[in-house]
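Visitor: I would like a quick tour of this model. Please take my questions one at a time.

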Protein chains: 2
Amino acid sequence: MALYVQKYGGTSVGSIEKIQYVTEKILKTRSEGHEVVVVVSAMGKETDRLLDLARNMTPEPDPRELDVLVSTGEQVSIALLAISLIARGCPARSYTGSQVKILTSDVYNKARILHIDEEFIRQDLANGKVVIVAGFQGVDPGNNITTLGRGGSDTTAVALAALLHADECLIYTDVNGIYTADPRIVPSARRLDRITFEEVLELSSLGSKVINNRAVQFAGKYKVPVRVLSTFSEDTGTLISFEDKNMEQPIVSGVTFDADEAKLTIRKVPDRAGIGSTILGPVSDANIVVDMIIQNTAADGTIDFTFTVNKNDFSQAKHILEKSAHLLGAEEVLGDEKIVKVSIVGVGMRSHAGIATTMFKALANEGISIQLISTSEIKVSVVIEEKYLELAVRALHTAFGLDVKASPKSLLV
Amino acid sequence: MALYVQKYGGTSVGSIEKIQYVTEKILKTRSEGHEVVVVVSAMGKETDRLLDLARNMTPEPDPRELDVLVSTGEQVSIALLAISLIARGCPARSYTGSQVKILTSDVYNKARILHIDEEFIRQDLANGKVVIVAGFQGVDPGNNITTLGRGGSDTTAVALAALLHADECLIYTDVNGIYTADPRIVPSARRLDRITFEEVLELSSLGSKVINNRAVQFAGKYKVPVRVLSTFSEDTGTLISFEDKNMEQPIVSGVTFDADEAKLTIRKVPDRAGIGSTILGPVSDANIVVDMIIQNTAADGTIDFTFTVNKNDFSQAKHILEKSAHLLGAEEVLGDEKIVKVSIVGVGMRSHAGIATTMFKALANEGISIQLISTSEIKVSVVIEEKYLELAVRALHTAFGLDVKASPKSLLV
């Protein structure tokens with residue numbers, strides 16, 4: 001007998017029919033003799049509908065009351081799923097974040113889980129019940145309703161799995177796992193059977209939004225095996241777990257990209273001590289997150305300073321930089337929104353030399369120029385012209401041997 | 001400075017615009033220097049929408065989970081109203097039934113309030129905040145969410161007013177008070193300035209659904225002055241209070257009717273001790289509520305036994321009665337669904353003789369036969385043919401001097 005935490009996202013519980021489908025999945029797990037704790041999100045677009053109600057009233061709704069409002073979304077889902085299970089003869093009991101209780105920090109709209117009581121859950125499991133917990137929500141020490149921010153239901157599920165020492169935390173969604181690359185761009189992309197927490201963190205912060213980043217960090221910290229899989233298929237999905245020394249690791253696990261960044265360059269700034277922070281200071285003061293940073297020193301004692309920001313922040317950052325350029329006596333500010341960041345990720349890189357070289361060569365073979373480079377222990381990212389996005393991703397996918405093999409067997413992996 | 005509990009029903013908070021309108025009403029009360037505790041219902045048809053979701057899943061949804069589901073309706077309303085008030089610069093704080101907390105019995109779907117904590121409410125009022133409480137809901141001693149049944153928000157409001165010794169409990173709805181008769185039937189019906197708790201109880205149990213019956217009982221018990229008035233007019237509505245010995249009471253306060261009853265007669269039952277309970281026993285065993293009961297004894301030692309039930313229960317009751325008729329050797333069972341009960345209500349009756357006589361004469365003048373009669377201290381009810389409903393109500397309204405006077409002034413009262 002195993003204990004599973006199953007998390008069903010908004011698309012998985014988006015209608016009465018889908019909730020009944022999820023009911024059958026839970027019954028199946030139970031019929032195999034396992035215990036089940038279920039975490040659910042709000043139905044489909046319910047959270048957006050509630051947010052729209054509030055924003056139709058005022059552009060900046062009170063954060064405390066916004067959490068009171070949106071937390072009703074998950075409460076509807078847990079009740080309907082419990083009603084559905086009980087109607088099928090399966091004992092079940094729903095819990096709001098307040099009832100469990102899931103104690104969080106007192107930061108509305110983006111609270112963090114501090115503690116979860118396990119008493120009621122253990123008791124219900126011992127009594128043969130399916131326990132259904134509202135994702136995304138909790139209460140602060142003052143008993144105010146809080147929410148964990150977008151993707152918070154994943155975090156609720158992983159936290160519960162950690163607390164209960166669950167055998168696995170299953171994140172049911174509308175894709176059947178994590179791929180070596182976006183299948184819409186690389187038709188030969190493969191669904192990975194296994195991947196490490198670190199690789200997922202790099203993949204998801206780079207734009208592959210299959211599972212919430214904080215949930216993955218949590219899972220890594222508390223060593224919770226997490227499986228990402230589709231509600232509506234029998235595929236076993238992708239298991240996110242630890243690096244297995246006995247397993248042969250592929251050098252590169254996947255190719256990913258981020259088309260949401262834009263590049264800014266301030267040219268010919270007279271160099272002096274601390275020039276980097278002088279340039280970036282006003283940008284961070286405006287709460288703009290800077291990603292890649294490159295500094296080139298020229299022979300004439302000036303520097304070119306380049307960095308990337310999210311496209312949404314581009315005009316504001318450019319404006320700030322133009323002011324700085326004037327103050328610092330720089331020659332000009334250049335901006336480029338037509339760029340994309342492409343990355344290769346893999347824990348295998350740690351023990352393999354020459355990965356970056358292979359990457360650069362593969363891109364050069366396609367005539368693609370690299371504008372910026374950044375590397376970490378398990379990833380190499382490059383910024384290239386936007387128009388080369390698909391070509392670059394496919395070339396790298398092939399260069400690192402990720403393409404799906406021709407045999408029908410591996411297609412099913 | 002007074003303390004008011006204001007309750008806004010579903011039609012008063014049915015849209016963003018209406019919530020903003022309610023916001024202005026609350027701000028107005030505040031600007032006059034008063035403290036306000038607000039109780040709100042779910043928006044418009046939200047409760048029905050949620051019930052439909054559950055019933056589309058199963059005809060008999062689990063009662064515990066049904067309360068988890070429908071209680072989200074009021075939670076949405078309190079949050080939106082708080083957001084609206086805060087956006088207008090008015091400090092406000094919302095509370096779910098669980099947060100207040102409103103402790104109830106552990107009967108789902110129709111719980112009764114056992115206790116309400118006043119700590120948070122007092123604290124918020126002292127800090128100049130408008131306190132917004134979700135109507136209709138509470139938690140049982142096991143921290144399960146409960147609801148109070150239809151109309152439960154009125155009870156929440158009255159219970160809070162009693163707890164806080166509020167100066168008045170204002171029930172805002174879509175009609176501007178309690179009338180001497182249904183204005184759709186009697187165009188000359190007048191809105192009453194004042195009425196006693198007992199009269200309202202008789203009026204509302206007889207079909208004038210302006211305010212929940214349990215709420216009125218509660219108000220009477222704890223001596224909470226309650227005012228029923230319209231959200232969308234400046235009319236002062238009807239004050240429900242105590243019998244004022246110094247005030248001249250009208251003999252009859254109103255004429256009301258109930259068209260939801262049907263009549264059953266079992267004819268020529270051989271009489272014997274306890275025959276009444278022998279006949280009604282199987283009916284009550286089927287959970288059918290019996291209203292008026294008449295027994296006639298004939299010279300031949302048989303009786304005719306007549307009673308009324310809700311139309312929804314008519315066929316079942318008739319079926320039960322036919323079985324009894326066979327067992328008891330009765331001659332036949334007669335049923336009549338085309339009846340209506342018309343009543344006159346007034347505390348003034350206590351000290352006036354001949355009220356029933358006036359009533360019967362007024363009906364006789366119109367050629368209306370009376371089929372059944374029942375009386376209590378403050379009301380007289382008669383059952384007549386359904387087709388005479390409007391004629392009877394208008395005749396009685398005139399006979400007891402309730403018609404609105406010709407002067408424009410009294411029209412504005």
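Predicted model: local features only at pLDDT ≥ 70, side-chain atom pairs only at ≥ 80, totals over all residues.

Visitor: How many bridges join strand 18 of chain A to strand 20 of chain A?

Guide: Two strands pair if DSSP finds at least two bridges between them. Strand 18 covers residues 339-345 of chain A, and strand 20 covers residues 379-385. They run antiparallel, and the number of bridges joining them is seven.

Visitor: Which are the edge strands of the open sheet of four strands in chain A?

Guide: The strand order is 13-18-20-19 in chain A, with antiparallel pairing. Neighbouring strands are turned by 20° against each other on average, direction ignored; here axes are lines fitted to C-alpha atoms, for helices over the stretch in contact, and angles run from 0 to 180 degrees between N-to-C directions. An edge strand pairs on one side only. In chain A these are strand 13 (254-258) and strand 19 (372-376).

Visitor: What distance separates the centres of domain 1 and domain 2 of chain A?

Guide: Chain A is divided into domain 1 (3-174) and domain 2 (246-413). The bounds come from an automatic or database domain assignment. Taken over C-alpha atoms, the centres are separated by 37 Å.

Visitor: Why are the two copies related as by a two-fold rotation axis, and which C-alpha of chain A is nearest the axis?

Guide: Copies are superposed by least squares on the C-alpha atoms of residues with pLDDT of at least 70 in both. Chain A can be laid on chain B with an RMSD of 0.1 Å, by a turn of 180° and a shift of 0.1 Å along the axis. The copies are therefore related as by a two-fold rotation axis. In chain A, the C-alpha nearest the axis, 2.6 Å from it, is that of A:Thr72.

Visitor: Which helix gives the largest share of the side of chain A that touches chain B?

Guide: Contact means that C-beta atoms, placed from the backbone, lie within 7 Å, and 26 residues of chain A are in contact with 26 of chain B. Elements giving two or more residues to this side of chain A are helix 2 (46-55), helix 3 (63-70), helix 4 (72-87) and helix 5 (97-100). The largest share, 11 residues, comes from helix 4 of chain A.

Visitor: Where is the cis peptide bond that ends at A:Lys101, and what is its omega?

Guide: A:Lys101 is found in the loop between helix 5 and strand 4 (102-104) of chain A. The cis bond runs from A:Val100 to A:Lys101, with omega near -10°.

Visitor: Is B:Asn109 buried, exposed or partly exposed?

Guide: B:Asn109 has a positive phi of about 75° although it is not a glycine. Its place is in the loop between strand 4 and strand 5 (113-116) of chain B. A residue is buried if 20 or more other C-beta atoms, placed from the backbone, lie within 10 Å of its own, exposed if 12 or fewer, and partly exposed in between. With 16 other C-beta atoms within 10 Å, B:Asn109 is partly exposed.

Technical notes
Residues numbered from 1 in each chain as written. Chains lettered and ligands numbered in written order. Contact = placed C-beta atoms within 7 Å.
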